[in-house]
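Please read it alongside the sequence and structure.

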Amino acid sequence: MEVFIAPGYEQISRIAARIVADVLNAKPNAVLGLATGSTPLGLYKELIRMHRDEGLDFAQVTTFNLDEYVGLAPTNTQSYHYFMRENFFEHINIATDHIYIPSGTTSNYHAFCPWYERRIEECGGIDIQILGIGSDGHIAFNEPGSSLRSRTRLKTLAKQTIEDNSRFFEQPEDVPVYAITMGVGTILESRSILLLANGENKASAVAQMVEGPVTSMIPASALQLHPAADVILDDAAASQLKMRDYYEWVQQNKPSAPRS
Ligand code: PGA
């Protein structure tokens, strides 16, 4: 796991966008794993800007999203289908039949989940997976206690996640209790991983992910097992790291370190 620290949200978004653009420039038909939430919004904005101003091309790209709430139709403004359309897909030249997001409305989850896994494989596997982290250490909707070998499945959300995400809904009772999510095992099969975190409320989860033991109680700590995981943090999210000086030293002296 490599840790990069930048002063603020704009910088981490720019660094992440540059890394994703490098993947696309090297492999125009790359498969991207995408995330929702507040964290990747700046990254999507920057990729949209690169598409508009620099011709970054998504024509051959395929995407797989991490998760979706159960019970929300794609037209629901709180659904992740809607989020992705509004905040990213509508603004780039991606083919709609190259977009995969778990279905929140399928009547047959038992068939859907293995199908989703198979589609990822058939498309050649994920080249780079974007991740945020929950304040409880989750990745996608893999809540504390999720098996580190879990696959795409139906998952009950933790109370903390429902509380954290209630800011997007009119009332807390409106937050769905179930989601369909890629598993930790699914995520670990991506060729590379890019986890972004910003803000003080992520600092404890980030420190446990990077410097704590690998444990299903902090599902993000499984990234320690991945050979190519980059963690990009703003100042506040990095504030509880014990080895911060070391990461900054490496970042300053490593020729291949990404720069904002
Ligand atoms: P956030 O969510 O980006 O909205 O903070 C991250 C997550 O829960 O994975």
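Two strands are taken to pair if DSSP finds at least two bridges between them, and the strands (E, at least two residues) and helices (H or I, at least four) are themselves DSSP runs, numbered from the N terminus. The model is predicted, and local features need pLDDT of at least 70, side-chain atom pairs count only at pLDDT 80 or more, and totals for chains, interfaces and linings use all residues. Residues are numbered from 1 along each chain as its sequence is written, and side-chain values use heavy atoms, with hydrogens and water left out.

An open sheet of three strands, in the order S4-S8-S7, shows antiparallel pairing. Its edges are formed by strand S4 (67-69) and strand S7 (153-156), each of which pairs on one side only, and the twist averages 30° from one strand to the next.

Another open sheet has seven strands in the order S1-S10-S9-S6-S2-S3-S5, with parallel pairing. Here strand S1 (2-6) and strand S5 (99-100) are the edge strands, each pairing on one side only. Helix H4 (residues 109-122) packs on this sheet and touches S3 and S5 (contact meaning heavy atoms within 4.5 Å); the direction of H4 makes about 150° with that of S3, where axes are lines fitted to C-alpha atoms, for helices over the stretch in contact, and angles run from 0 to 180 degrees between N-to-C directions.

| Strands | Bridges | Direction | Opposite residues |
|---|---|---|---|
| S2 and S3 | four | parallel | Leu-34 and Asn-65 |
| S4 and S8 | three | antiparallel | Glu-68 and Ile-180 |

Strand S2 is covered on both faces, with Val-31 and Gly-33 buried on one side and Leu-32 and Leu-34 buried on the other; buried means under 20% relative accessible area, exposed over 50%, and partly exposed in between (1.4 Å probe, protein chains only).

Val-177 lies in the loop between helix H5 (159-165) and strand S8 (178-181), and counts as partly exposed because its relative accessibility is 39%.
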